[in-house]
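These are my notebook entries on one protein chain. I record what I looked up, entry by entry.

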Amino acid sequence: MNKKYSSIDLGIADRISKVGLGNEKYHLGRIIAQHKDFYRVATEKSDMLAKTSGKILFKSNDIKDLPAVGDFVFLDRDESSGGNAIIHGILERKSSFIRKAAGTSQQAQVIAANIDTIFICMALNRDFNLRRLERYLAIAWDSGACPVVVLTKADLCTDLEMMIAEVSSVAIGAEILVTSGLTCDGSKSIRKYIYPGQTVAFIGSSGVGKSTLINLLLGEEKILTAQTRRDDRGRHTTTNRELFFIPGGGAVIDTPGMREIGLENADLERAFADIEKLAASCHFSDCTHENEPNCAVRRAIDEGKIDLERLLNYKKLIKEAKYEGLNSRQIEQEKVNEMFTAMGGIKNVRDLIKSRKNR
């Protein structure tokens, strides 16, 4: 490995100037790849393998407490001549894109850390899904980074103007870029976000063109790409998260395709700013936007200003966020309580059942 990086490439210079190194006996590096049992880290002297210390593993209560791609970490060495490095600490993250991990554990998983801009990629074919985009935006706004929507495969779109209008109606406050992988300048609009010291990440479903765009930024085919399947759905090409340094400055993180993404934290106030603003004008402060009189949100839907599906997705995400931090038993209890709220609570239901048995 033994590849050297400048402190500007790594983004370390800016981090040290803001937070300080804190412990002079350690060396500062950055996680550039994550595998099952080890990491690849980059320092100003070397590119090497590393493992976490037992102390970090012992103190970790969740997957998100472990190092992730983009993290700045404290290492016991800055070059690999003496063997693999040991990670002894993680510098406080300025941003992190987090989702619930796949599987039954549902633990929080950091997809990318210390990013400045998140490019949410959505192809203008069968991948086009406004409800999924709303979910991505809610998580991205909460991450601390700035989300940008990238509409890819514009060459496959028959009504570009209409689809951009639909995206604009839900991507409030986020810039929208349109690209085509067929042109050499497909990444041109993205380059203005990338310069020395900046880190960006590409998020989206498999096959939307993330890897193609990153290869254009890198100026070479570093990431495997694959043709879209006949059913117009993407093939999985990226399997691990990895950070690449871009010629001329800046870094980019590639992530595996995620068609479904579990909600861990979300900024619904920014992702659904239009609904939140209207809700402030509802007659009741606790309006559920169902059948209450003088509901500003329902009025906007009747007038065609807001799509009903957007409101339903907003309420769905609110429900998911409500269960944040609860274990499976607590979640089920919360669902039961909610189910019987209209009947005066679960205690009243139990009393009712008891009284019927006594009869």
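Entry 1: Buried means under 20% relative accessible area, exposed means over 50%, and partly exposed lies in between, with a 1.4 Å probe and protein chains only. I note that this is a predicted model, in which local features need pLDDT of at least 70 and side-chain atom pairs count only at pLDDT 80 or more, while totals for chains, interfaces and linings use all residues. Residues are numbered from 1 along each chain as its sequence is written, and side-chain values use heavy atoms, with hydrogens and water left out.

I then looked for the partner of Arg310. Glu134 forms a salt bridge with Arg310, and the closest N and O atoms are 2.9 Å apart. A salt bridge here is a side-chain nitrogen of Lys or Arg within 4 Å of a carboxyl oxygen of Asp or Glu. Glu134 belongs to helix 4 and Arg310 to helix 10 (residues 308-322), so this pair links distant parts of the chain, 176 residues apart. Helices (H or I, at least four residues) and strands (E, at least two) are DSSP runs, numbered from the N terminus.

**Entry 2: Glu134.** Is Glu134 buried or exposed? I recorded a relative accessible area of 1%, so Glu134 is buried. Leaving out residues up to four places away in sequence, Glu134 touches Val170, Ala271, Phe272, Arg310 and Asn313. Contact means heavy atoms within 4.5 Å.

I also found a salt bridge between the side chains of Arg131 and Glu134, at 2.9 Å from N to O. Both residues lie in helix 4, three residues apart, which is about one turn of the helix. Arg131 counts as partly exposed because its relative accessibility is 22%. Arg131, Glu134, Asp274 and Arg310 are linked in a network of salt bridges.

Entry 3: Glu175 lies in strand 10 (residues 175-178) and Lys192 in the loop between strand 10 and strand 11, so the pair ties together parts that are 17 residues apart in sequence. Glu175 is partly exposed, as its relative accessible area is 34%, whereas Lys192 is exposed, at 53%.

**Entry 4: the nonpolar cores.** I looked up where nonpolar side chains gather. A nonpolar core is a set of buried Ala, Val, Leu, Ile, Met, Phe, Trp, Tyr and Cys residues joined through side-chain atoms within 4.5 Å. The largest has 72 residues, and those with the most contacts inside it are Ile87, Phe97, Ile115, Ile118, Leu133, Leu137 and Val167. Helix 4 (residues 130-143) gives the most to this core, with eight residues. Apart from it lies another core of 20 residues, among them Ala123, Val200, Ile214 and Leu217. In soluble globular proteins, nonpolar side chains tend to be buried together.

I also listed contacts of Ile87, leaving aside neighbours within four places in sequence; they include Ile31, Tyr39, Ala50, Pro67, Val73, Phe74 and Leu75.

**Entry 5: helix 6.** Why is helix 6 (residues 210-218) described as largely enclosed by the rest of the structure? The reason I recorded is that seven of its nine residues are buried. These buried residues are Lys210, Ser211, Leu213, Ile214, Asn215, Leu217 and Leu218. They pack against strand 8 (117-123), strand 9 (146-152), strand 11 (199-204), strand 12 (242-245) and strand 13 (251-254). Just after helix 6, Gly219 takes a positive phi of about 80°.

**Entry 6: Leu49.** I located Leu49 in strand 3 (residues 47-52). Leu49 is partly exposed, with a relative accessible area of 25%. The C-alpha atoms of Leu49 and Phe38 are separated by 6.8 Å, the two residues being eleven residues apart along the chain.

**Entry 7: the whole chain.** Finally, I looked up the totals. The secondary structure comes to twelve helices and 13 strands. Of the 359 residues in the chain, 46% are buried. Among contacts with a separation of 6 or more, 66% are between residues 24 or more positions apart.
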